[in-house]
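Trainee: I would like to go through the labels used for this model one at a time. For each, please set the value against the cut-off and then conclude.

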Amino acid sequence: MTYVRQNILNLSDADLGKLLDGFRGMYEYPVTDTRGFLFWAARHGFPSYECPHNSPHFLTWHRVYLLALERVLQDVLGDYEFGLPYWDWTAARTLTEGVPAVLSDAQLADGTPPLGSSTVPLARWTGAGWS
């Protein structure tokens with residue numbers, strides 16, 4: 001199957017809505033369910049810390065991790081052509097505006113929390129560093 005991963009900075013409202021629906025759907029599953037957000041968050045960080053930060057395996061581990069996360073989102077959405085968007089943190093827009101709102105704002109313009117979460121760890125990133 002072929003699908004396109006888009007830059008998160010360029011998502012249409014419909015594509016952004018689909019991304020948010022996917023993550024909100026993942027929040028419905030418990031940490032023990034492989035479709036659940038907490039399951040995947042735990043694989044990356046607490047309590048298992050499987051992510052090999054500061055290791056030669058950092059990039060390859062994340063490629064596999066994000067592919068698996070993308071497949072879960074496809075399953076939750078029932079859309080196997082959905083592509084997890086990427087964020088080009090080196091883009092000029094990021095350097096001037098910081099982290100995209102969907103990843104950083106406490107709530108989106110419609111009043112909902114981004115990515116189905118009530119707290120956003122990237123909220124302190126300004127593009128020039130941590131605030």
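Mentor: Start with the salt bridge: a side-chain nitrogen of Lys or Arg within 4 Å of a carboxyl oxygen of Asp or Glu. Keep in mind that this is a predicted model.

Trainee: Why is the pair Asp21 and Arg24 called a salt bridge?

Mentor: The closest N and O atoms of Asp21 and Arg24 are 3.9 Å apart. The cut-off is within 4 Å, so the pair counts as a salt bridge.

Trainee: What places Asp21 and Arg24 about one helical turn apart?

Mentor: Both belong to helix H1, residues 13–26, and they are separated by three residues there, which is about one turn.

Trainee: How do you know whether Asp21 and Arg24 are buried, partly exposed or exposed?

Mentor: Buried means under 20% relative accessible area and exposed means over 50%, with partly exposed in between. Asp21 has 47% and Arg24 has 27%, so both are partly exposed.

Trainee: What makes Asp33 and Arg35 a salt bridge?

Mentor: Their side chains meet at 2.7 Å, N to O. That value is within 4 Å, so the label applies.

Trainee: Which accessibility class does each of Asp33 and Arg35 fall into?

Mentor: Asp33 has a relative accessible area of 15%, under the 20% limit, and is therefore buried.

Trainee: Are Arg93 and Glu97 buried, partly exposed or exposed?

Mentor: Arg93 is at 37% and counts as partly exposed. Glu97 is at 53%, over the 50% limit, and is therefore exposed.

Trainee: How many salt bridges does the rule give?

Mentor: The count comes to five.

Trainee: Why is Asn54 called exposed?

Mentor: The relative accessible area of Asn54 is 84%. The limit is over 50%, so Asn54 is exposed.

Trainee: Where is His62, and why is it called buried?

Mentor: His62 is in helix H3. Its relative accessible area is 15%, which is under 20%, so His62 is buried.

Trainee: How many helices and strands does the protein chain have?

Mentor: There are five helices and zero strands, and the pattern along the sequence is α-α-α-α-α.

Trainee: What share of the protein chain is buried?

Mentor: Buried residues make up 34% of the 131 residues. The accessible surface of the chain comes to about 8400 Å², with 58% belonging to carbon and sulfur atoms.

How values were computed. Residues are numbered from 1 along each chain as its sequence is written. This is a predicted model: local features need pLDDT of at least 70, side-chain atom pairs count only at pLDDT 80 or more; totals for chains, interfaces and linings use all residues. Side-chain values use heavy atoms; hydrogens and water are left out. Helices (H or I, at least four residues) and strands (E, at least two) are DSSP runs, numbered from the N terminus. Buried means under 20% relative accessible area, exposed over 50%, partly exposed in between (1.4 Å probe, protein chains only). Accessible areas come from the Shrake-Rupley method with a 1.4 Å probe; for residues, only the protein chains shown count as cover.
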